[in-house]
Amino acid sequence: MPYVNIKVTKENGEPTIAQKEELIKGVTELLHNVLGRNRASTVVIIDEIETENYGLGGESIRVKRQMKG
């Protein structure tokens with residue numbers, strides 16, 4: 001059973017429900033087409049990460065973006 005975990009930042013209203021549905025469908029199709037995996041047993045999980053919950057170079061992304069703007 002394939003298990004795929006997608007991690008994306010949650011910002012500016014994205015990803016939308018429609019975008020997440022498209023990601024799930026697209027990843028499922030990709031695994032089917034490339035690896036021959038059964039669509040019915042493919043699990044796709046999308047984790048949305050708030051910008052204050054990850055960092056780069058010792059600062060949260062939220063802080064880095066505030067400094068730019």
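Select T42 and display its surroundings: apart from residues up to four places away in sequence, T42 touches P2, T28, L31 and R37, where a contact means heavy atoms within 4.5 Å. The model is predicted; local features need pLDDT of at least 70, side-chain atom pairs count only at pLDDT 80 or more, and totals for chains, interfaces and linings use all residues. Residues are numbered from 1 along each chain as its sequence is written, and side-chain values use heavy atoms, with hydrogens and water left out.

**T42 in its loop**

T42 belongs to the loop that joins helix 1 (17-35) to strand 2 (43-50). Helices (H or I, at least four residues) and strands (E, at least two) are DSSP runs, numbered from the N terminus. T42 counts as buried because its relative accessibility is 12%; buried means under 20% relative accessible area, exposed over 50%, and partly exposed in between, with a 1.4 Å probe and protein chains only.

**P2**

Move to P2, which is found in the segment before strand 1 (3-10). UniProt, in an unreviewed entry, lists P2 under "active site". UniProt positions follow the numbering used here, feature names are shortened, and annotations may be inferred rather than shown by experiment. With a relative accessibility of 14%, P2 is also classed as buried. When neighbours within four places in sequence are left aside, the residues in contact with P2 are L31, R37, S41, T42 and V43.

**T28**

**A18 and A40**

Continue along helix 1 to A18. At 52% relative accessibility, A18 counts as exposed. Now pick A40 together with A18: these residues are 22 apart along the chain, and their C-alpha atoms are separated by 20 Å.

**The annotated domain**

Finally, select residues 2-62, where the unreviewed UniProt entry places the feature "domain: 4-oxalocrotonate tautomerase-like". The end C-alpha atoms of this span lie 33 Å apart. Colouring by secondary structure shows residues 2-62 as 34% helix and 33% strand.
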